[in-house]
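Thanks for coming. I will take a few minutes on one model, starting with its aromatic rings and ending with a charged residue.

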Amino acid sequence: MPQHASAAPSFNEALAVWARIGVLSFGGPAGQIALMHRVLVDERKWIGEKPFLHALNFCMLLPGPEAMQLATYVGWRLHGTLGGLAAGLLFVLPGALVVLALSIAYALYGQLPFVEAAFVGIKAAVLVIVIEALLRVAKRALREPAHWLIAGAAFVAIFFFDVPFPLVIAGAALLGYVLAATKAAAPPEPQSKTPPVPIGQTLRTASLWLAIWIVPLAIMVLLFGRDHVFTDIAIFFSKLAIVTFGGAYSVLAYMAQQAVETYGWLSAGEMLDGLGLAETTPGPLILVTEFVGFLAGYRFGGEPKLMFGLLGAAITLWATFAPCFLWIFVGAPYVERLSSSPKLAGALNAVTAAVVGVILNLSLWFALHVLFGKVTAERHGPLQLWTPDWASLNVEALLLAILAAALLFGLRLGILSTLGITAAIALAWSLVPGAS
């Protein structure tokens with residue numbers, strides 16, 4: 001049945017929901033998109049199925065964390081620029097605060113095994129949430145045989161051949177456009193009621209948010225000088241924000257290499273520890289940049305170390321996420337107009353199908369890394385195979401995932417209750433002598 005959006009909520013009501021989403025946004029982009037679809041489309045009905053998918057398509061085409069930008073778009077759609085800011089910031093801030101606290105503890109005390117133990121349960125529950133959402137979105141998005149073929153091709157291209165994400169999305173859009181253009185003439189679709197967006201308004205919005213992004217960083221450069229670590233942080237993470245297409249995974253290898261080998265901010269082992277922290281906390285995976293920025297400032301900024309670490313983290317967050325608001329606030333007014341053209345709608349529908357394949361890829365990758373302690377990518381010519389070491393099967397994570405499925409599907413518990421139960425059991429199990 002078609003989904004119809006309900007009346008827009010009050011700003012305060014939306015704030016509470018955005019805060020809840022931010023706190024529960026575990027599991028990387030697949031889990032975060034699943035959570036927002038469940039809350040915003042199915043439960044609250046603040047946005048319909050088609051507008052949600054159109055917005056997701058648009059965000060998938062942008063650099064930066066697509067789930068955070070999707071939240072920003074829906075917030076903008078409900079309450080304008082203020083709503084977009086609230087949704088985007090509340091999506092990021094809970095995770096940013098957790099990563100900051102863990103970064104401080106890491107700098108002072110080293111690895112944090114109790115955190116890793118508790119989040120085994122959280123990741124197991126998120127795995128079930130992701131699978132449920134994948135099936136639900138696929139059922140609604142794949143309405144034609146061509147869409148199933150596009151979704152399957154997108155999954156195979158990314159998972160087995162490591163085709164760059166932008167090429168997969170661009171190829172799907174081109175194919176959808178061509179298919180729509182070659183269809184037999186049909187009654188024209190109703191045109192969008194949205195009035196044209198004045199180009200002057202777009203330019204003003206772009207100029208404002210470009211200044212919000214760049215000016216504070218330029219001030220830091222002037223205050224500390226070209227050779228200071230803060231300048232390197234500002235320039236490096238601003239460049240990274242422009243090229244992060246397809247989510248954080250697409251640039252993690254490059255970022256790790258630069259942070260470890262070029263700048264020497266941390267070791268390769270510490271980089272892996274930071275990635276582990278970011279993977280097991282709420283918010284976008286790209287928050288691993290905050291961990292890197294904190295350690296860089298803490299070690300190379302000056303005295304007092306903690307203050308410079310906090311400044312390093314703040315500069316990193318600004319350079320990483322300020323551009324996200326620029327992309328959304330400039331492009332959001334055009335999303336519905338794009339979907340009103342039959343040919344462009346065909347392109348967007350094909351991108352939707354490809355996105356299902358992308359989410360399947362992320363879900364399977366996530367499942368392998370939750371359930372197995374060792375997973376390797378083996379190359380056979382152009383073919384890439386993710387191969388788990390079956391001896392490294394995490395029986396605890398498997399049992400917790402089964403428990404999460406029983407709680408969510410059998411007892412119909414909410415997400416928060418399920419996450420809390422599985423995390424508590426995982427932490428308690430880790431405290432049992434000889435259990436680990």
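How many aromatic pairs does a search of the whole structure find? The search finds 19, where rings of Phe, Tyr and Trp (its six-membered ring) pair if their centres lie within 6.5 Å, and planes under 30 degrees apart count as stacked, over 60 as edge-to-face and the rest as tilted.

Before the examples, the conditions. This is a predicted model, and local features need pLDDT of at least 70, side-chain atom pairs count only at pLDDT 80 or more, and totals for chains, interfaces and linings use all residues. Residues are numbered from 1 along each chain as its sequence is written, and side-chain values use heavy atoms, with hydrogens and water left out.

One of the pairs is F155 with F160, edge-to-face, with 5.9 Å centre to centre and 85° between the planes. F155 is buried because its relative accessibility is 13%, and F160, at 25%, is partly exposed. For these words, buried means under 20% relative accessible area, exposed over 50%, and partly exposed in between, with a 1.4 Å probe and protein chains only.

The rings of F372 and W390 have their planes at 85° and their centres 5.0 Å apart, so this pair is edge-to-face. It links distant parts of the chain, 18 residues apart: F372 is in the loop between α15 (342–371) and β1 (375–380), and W390 is in the loop between β2 (383–388) and α16 (395–410). Helices (H or I, at least four residues) and strands (E, at least two) are DSSP runs, numbered from the N terminus. F372 is buried at 9% relative accessible area, whereas W390 is exposed at 64%.

Next, a cluster. F236, F237, Y263 and W265 form one aromatic cluster. F237 and W265 are also among the residues that touch the most other members of the largest nonpolar core, which has 133 residues. Such a core is a set of buried Ala, Val, Leu, Ile, Met, Phe, Trp, Tyr and Cys residues joined through side-chain atoms within 4.5 Å. The contacts of W265 (heavy atoms within 4.5 Å) include V229, F236, V292 and R299, not counting residues up to four places away in sequence.

Last, E290, in helix α12 (residues 288–300). Which side chain of opposite charge is nearest to E290? It is R299, 16 Å away, and E290 is buried yet has no salt bridge, meaning a side-chain nitrogen of Lys or Arg within 4 Å of a carboxyl oxygen of Asp or Glu. Lys and Arg count as positive and Asp and Glu as negative; His and the chain ends are not counted. E290 touches A96, V99, L100, A313, T316 and L317, leaving out residues up to four places away in sequence.
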